[in-house]
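Reader: Please walk me through this model. I want to learn how to read its overall features.

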Amino acid sequence: MSEPHPARMGHIAGFSTSPSAPPIYQTTAFDIPDLDVLAEIYAGSTVGHIYTRDSNPNHSALAESIAMLERAEAGAVFSSGMGAIAAVAMTLAGCGDHVIVGQSLYGVTLKLMSRLQQQFAVDVTYVDACVPNSVAAAVRDNTKFCLIETVSNPLLEVADVAAIATALGSVPLVVDSTFTTPELVRPLEQGAAIVVHSASKYLNGHGDVMLGVAAGSAAHMKAVRATSSVLGQNANPFECWLTQRGLRTLPLRVRQVCETTAGLAEYLSTHPQVSKVYHPSLIAHGTHATAARLYASGANGEIRTGGIVSFVLNGGGKAAVTKFMQLLATIPFSPTLADSRTTISHPATTSHGFMTKQERTALGIVDEMIRLSVGLESFEQLRDELDAVLTQLDQ
Ligand SMILES: *Cc1c(COP(=O)(O)O)cnc(C)c1O
């Protein structure tokens, strides 16, 4: 009997059979036959991988899928949505450059911009992404990119990507499409240069992954991947695999979530315990017309406007929100969104907790505001649960 050889234990030398689902390449590096093959892989003339911080088959498979969904030349994957945004920002702009960003971006994206400004001397101008003229007015000779989100949080204001791309001229537009997914809008088709997503949200869709993706031209993606390699923002192969699996049901999930959310928005807007509802499916919403023009429509011609809806309880401050949360039977308070289960969040203390109460109130983000991220439960089940809680709030 030969001695056990720890270095060879569990080794599978190539696959002799074809797995019907993609394998997970959970490996740090790849064995290379010789220096000639290494040189070919470096040159790109042979498809291959060397070190997982730079590339891995699970990265490539997911990056190609994202590129297909966004109708892009190429894609890239990162350790998180913030990893994607940081890699893109630090590829396109550096010391002495100027960038334009939407003033109501995801809080951590705004923190990143203020760090770029303070630590790396990038000049940042904040604009209202719903006013293309203000974007046009902010452009300078040294503007390297403009970053906006397709929809703002928690007021769900829809940005007119095409009008902003036009207003920017040759300045690259980077669009965070996390809330919308390629099922609702494809920013590259409307003139954006790069689209980014937190795949931790809808693309994976099951609340069990941290991952980011980007898509755009091959040249942009190559440069962004090079940045992410030196910053160590590589994605985990298993999380790429999970997200790849999640993508299989993306169209089904988004269709159902949009339908349920539009129904709940309508239901909430007629409820006496609710003073205001924010969702682009509602005709009263400020950017309903923009959504109707830009977003994909469903089988019956209804526009699909996403699975996040915010609403305001009829007074009572934070105490009313706490009571609301305690009365809910199945919907948890969870500071994320786009899980397969419905979750609620409280913008005034989470995403917008860094602002003063006056700043928040000026935006309409009052203490009584609740944000619902609608999951895959049936409309009836969710309406009945909300109805029961709103009725009890009254007592
Ligand atoms: C969650 C989120 C991010 C950050 O993504 P992570 O995967 O959490 O790093 C960026 N933008 C938007 C709009 C998000 O919702």
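**Reading the fold**

Author: The protein has 14 helices and 11 strands, taken as DSSP runs numbered from the N terminus (helices H or I, at least four residues; strands E, at least two). This is a predicted model, where local features need pLDDT of at least 70, side-chain atom pairs count only at pLDDT 80 or more, and totals for chains, interfaces and linings use all residues. Residues are numbered from 1 along each chain as its sequence is written, and side-chain values use heavy atoms, without hydrogens and water.

Reader: Which share of the contacts links residues 24 or more positions apart?

Author: A contact means heavy atoms within 4.5 Å. Of the contacts with a separation of 6 or more, 71% join residues 24 or more positions apart.

Reader: How many residues are buried, as a percentage?

Author: Buried means under 20% relative accessible area, exposed over 50%, partly exposed in between (1.4 Å probe, protein chains only). Buried residues are 50% of the 395.

Reader: Is Cys 95 buried or exposed? And Cys 240, buried or exposed?

Author: Cys 95 counts as exposed because its relative accessibility is 67%. Cys 240 has 0%, so it is buried.

Reader: How many disulfides are there?

Author: A disulfide is a pair of cysteine sulfur atoms within 2.5 Å. The search of the whole structure finds 0.
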